[in-house]
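Here is a friendly note to read alongside the model. Please keep the structure open and look up each residue as it comes up.

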Amino acid sequence: MRTRARPPAPATGAHQPGIVTRQPPHVALAAFDVVADRHAELAELLAEWSGVAMRLAADPGGLQLTFGLGAALFAPGRFGLDARRPVALAPLPPLPGDALEPARCGGDLCVQVGAREPGALVAALGALAGAARGVAVVRWTQAGFGGGGRRPDGRPRVPRDLLGFLEGADNLRFPQQLERHVWAGAGERTWMAGGTYLVYRRIRLDLASSNALPVDEQERIVGRRRTTGAELVPETGHVALAAPRDGEAGLLRRGFNYLDAAAGTLEPGLAFVAFVRDPRRQYVPVQRRLAQHDALAAFATHTASAVFAIPPAPRPGGFVAERLLDGLAS
C-alpha cells in the first residue's frame, strides 16, 4: 500500500455528525470489509476518510458522514484490537421472523452519508471507495430517502413512511434523553466516550397487502391516525408495542425508506437505523416483542442486520477512532 499523508479532521464537538443533526432528505449506508492486515493501513484509511469527511462537510450540498466499526474488526489475530473491543459491540442474536441475507449483513467498517441531493451521495461514496482501494472493499450499500424537506414558509415538513403514516413522533430529542439512552456510558472503553452504537435492519415491506386493507384497519395496526398522526388507544398497535416499557431505554430512530430492484420487480422497504447506548438492552427486547405481538410484522420481513460502534468525533487534527488505535504496533 502506498504511503498516504494524514489529512487533518475537523473539530466537530464531542459527537460525529449524522446522529442528532437534522436528518437530510437523502441517506445511504455502506459497509466495507478490510482486506489489509496491518494496523498501520487501517489507521491510514481512517485518517484519509476523515479528510474526505472534512472536505465534503464544507461542500454546499450539506453532506454528513458518520463512521463506524464492526465487531469482526476486533476478532483475535486481526489488528490486535480484541482487548479494546467495546463492551456492547456484538452482532444481534437471531430474532423471530428473520430472513437475513448474509451478503447484506455485518461488515468491518461502515459509513452513513446524508445529503440534500442524491448525486452528492454517489460522489461521497465514490470518494470513500476510492480512498479505500487496496485496504477495504465494499460489502453492501443501501441508499434511500428520508427527510420531509421544508414547507414554503421554511419550516421543516414532517415526512411520511411508505405505509403513509407520519414519521418521527415520540423520538428522542432532549439532551437528557440522549445522555441517558444514546451516548456510551461510563462502563464502556475510554476511547468510546462520546460515541454510540448504530443498529441497522433492512425491512422489506409488503405494501400491496397492507394497502389493500381498509384505512381504519391500517390505523389500528399502526396505532395512529393516518391523516394527523394522532396516537390511538389500543395497546396492540405497532406504536404502543415499539414504545419503551418500564425499565427499558428508548431508541434514537434515524431510518429511511428505500425502493430497490429485486427479482425482476420493485422492492419497497425501510432501512431501519437507530442509535443506542446498548443494542442488547435497547433494541433486542423491543424487536422480540414486535415479532411476537405486532400485527404489522405480517407485512414486514427483516432481510439484513448489522451493529456498528460509532466512535466520538475526532480530536482537532486527528482522525476518527484514533484513540482506539493509539499505541498499537504497526
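1. Let us begin with the word "cavity". On a 1 Å grid over the protein atoms alone, a cavity is a set of points where a 1.4 Å probe fits but cannot get out, while a pocket is an open set with protein on both sides within 12 Å along at least five of seven lines; lining residues have an atom within 4 Å of a point. Grid points are joined across faces, edges and corners, and a volume is the space filled by probe spheres set on the points.

2. A word on the source. This is a predicted model, in which local features need pLDDT of at least 70 and side-chain atom pairs count only at pLDDT 80 or more, while totals for chains, interfaces and linings use all residues. Residues are numbered from 1 along each chain as its sequence is written, and side-chain values use heavy atoms, with hydrogens and water left out.

3. How many cavities of 30 Å³ or more are there in the whole structure? The search finds 4. The largest cavity holds about 70 Å³ of space, and its lining is made of Leu163, Phe165, Ser210, Asn211, Leu213, Gln218, Ile221, Val222, Leu296 and Phe299.

4. Helices (H or I, at least four residues) are DSSP runs, numbered from the N terminus. Helix 4 (207-211) and helix 5 (215-222) each give at least two residues to the lining of the largest cavity, and helix 5 gives the most, with 3 residues.

5. Now for residue classes: Ala, Val, Leu, Ile, Met, Phe, Trp, Tyr, Cys and Pro count as nonpolar, Asp, Glu, Lys and Arg as charged, and the others, Gly among them, as polar. The lining of the largest cavity has 7 nonpolar, 3 polar and no charged residues.

6. The second largest cavity has a volume of about 60 Å³. Among the residues lining it are Trp191, Pro311, Phe319 and Arg323. By class, this lining has 8 nonpolar, no polar and 3 charged residues.

7. Next, an open space. The second largest pocket contains about 300 Å³. Of its 17 lining residues, Arg180, Arg277, Asp278, Arg281 and Gln282 lie nearest its centre. Helix 3 (175-181) and helix 7 (279-293) are the elements giving two or more residues to this lining. The lining divides into 5 nonpolar, 5 polar and 7 charged residues.

8. Finally, why is helix 1 described as largely enclosed by the rest of the structure? Because 15 of its 19 residues are buried (under 20% relative accessible area, with a 1.4 Å probe and protein chains only).

Key. Buried < 20%, exposed > 50% of the residue type's maximum accessible area, 1.4 Å probe, protein only.
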